[in-house]
Amino acid sequence: MTIMTTSTQALQQTLLDQICEAWLKLQQQQPLVHIMTNTVASNYVANIVLAAHASPAMIDNPFEAESFAKTATAISLNLGTPTTEQVQAMQIAAKTAHQLQKPWVLDPVGYGTVLRWRSGVVDQLMHSQPTILRGNASEIGALAGKQIESKGVDSTVDSADVYLQARSLLDHCECIAISGESDYIISKDYPVIQVSGGSALQPRITAMGCALGALIAAYSAVTSPALAALTAHVHFAIAGQLAFERAQQLGSFNVAFLDEIHQLNTETIRKYANFKILPESI
């Protein structure tokens with residue numbers, strides 16, 4: 001049994017208040033998010049971001065990347081199905097975001113020894129210092145230098161096995177979000193935060209992780225990097241949990257999940273948010 005200290009309880013309550021505040025700011029500001037994601041995910045990602053009350057723009061060509069990166073409030077880059085032209089656009093957008101100190105999220109899909117070209121692209125993008133790095137345990141572990149075999153773009157290890165090794169990546173970004181059965185938020189601002197909840201059906205739906213990265217970017221436009229990652233993960237976990245209560249079949253669950261993303265409110269956050277501060281800092 002975990003016994004929470006008074007200071008830990010106080011921090012957890014503060015974080016819950018800040019999650020609610022970040023959600024309210026997202027509703028009020030409806031930030032414009034410049035998103036480059038994979039071809040399988042693009043429509044789904046846009047719908048999730050819209051459902052959360054932000055504004056997605058799926059612009060991924062190098063001829064418009066710089067001008068739109070300057071216009072957008074935050075940027076989300078996902079290496080799901082990279083093409084030469086899209087990679088050029090990503091490099092331009094990442095460099096522009098870094099120069100203008102705009103928040104941007106990097107999702108290094110498939111990073112590792114199998115997909116070497118895209119992994120080299122990720123290494124190049126890391127020079128522009130992403131604000132938040134989001135991925136599964138295999139991707140984050142490989143990026144941190146841990147030798148982990150990955151099955152294509154799917155994680156083959158548990159996020160709990162990797163988060164302690166991920167701290168080295170904070171030299172290159174402000175926050176790391178590791179997705180899995182439990183999610184872990186790592187930053188210099190807080191101890192490691194574990195987020196639980198959701199549904200086992202979520203990994204069965206294409207583009208869930210891609211959409212989560214874009215939602216993190218949306219929240220990064222209205223709050224700090226660590227709180228953006230935490231709030232987006234809590235948002236997803238609550239939506240998954242409540243959607244499964246309504247629908248246990250995959251297709252109907254998917255529709256219910258979109259509904260729950262849309263109709264989240266602060267009362268629901270306070271009732272269902274399931275996160276804890278881990279006793280062992282990294």
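Helices (H or I, at least four residues) and strands (E, at least two) are DSSP runs that are numbered from the N terminus. The model is predicted, so that local features need pLDDT of at least 70 and side-chain atom pairs count only at pLDDT 80 or more, while totals for chains, interfaces and linings use all residues. Residues are numbered from 1 along each chain as its sequence is written, and side-chain values use heavy atoms, with hydrogens and water left out.

**View 1. The annotated positions Met 58 and Ala 207.**
The UniProt annotation "binding site", taken from an unreviewed entry, covers Met 58 and Ala 207; such annotations may be inferred rather than shown by experiment, and UniProt positions are given in the numbering used here, with feature names shortened. Although they span 150 residues in sequence, no two of their C-alpha atoms are more than 14.5 Å apart, so they gather at one spot. Ala 207 is found in the loop between strand 8 (193-195) and helix 7 (208-220), and at a relative accessible area of 8% it is buried (buried means under 20% relative accessible area, exposed over 50%, and partly exposed in between, with a 1.4 Å probe and protein chains only). Not counting residues up to four places away in sequence, Ala 207 touches Ala 41, Tyr 44 and Val 45, contact being defined as heavy atoms within 4.5 Å. Met 58, in the loop between strand 2 and helix 3 (65-71), is partly exposed, with a relative accessible area of 28%.

**View 2. Thr 37 and its contacts.**
Thr 37 lies in the loop that leads from strand 1 (32-36) to helix 2 (42-51), and its relative accessibility of 7% places it among the buried residues. With neighbours within four places in sequence left aside, its contacts are Ser 42, Val 45, Met 58, Asn 78, Gln 86 and Cys 210. Seen from Met 58, under the same exclusion of neighbours within four places, the contacts are Ile 35, Thr 37, Ser 42, Val 45 and Ala 46.

**View 3**
Strand 1 and strand 2 run parallel and are joined by three bridges, and His 34 has Ala 57 of strand 2 as its bridge partner.

**View 4. Strand 3 and its partners.**
Strand 3 pairs with strand 1 in the parallel sense over four bridges, and four bridges also join strand 3 to strand 4, again in parallel. Ile 35 is bridged to Ser 76 in strand 3, whereas Ile 75 is bridged to Trp 104 in strand 4. Ala 74, Ser 76 and Asn 78 point one way from strand 3, while Ile 75 and Leu 77 point the other way, and all are buried.

**View 5. Leu 230 in the largest nonpolar core.**
This core (a set of buried Ala, Val, Leu, Ile, Met, Phe, Trp, Tyr and Cys residues joined through side-chain atoms within 4.5 Å) has 63 residues, of which Tyr 219, Leu 230, Phe 236, Phe 257 and Phe 275 touch the most other members. Its largest share, 13 residues, comes from helix 8 (residues 225-246). Beyond its neighbours within four places in sequence, Leu 230 is in contact with Leu 15, Ile 19, Ile 185, Ile 193, Val 195 and Phe 275.

Terms used:
Pairing = 2+ DSSP bridges.
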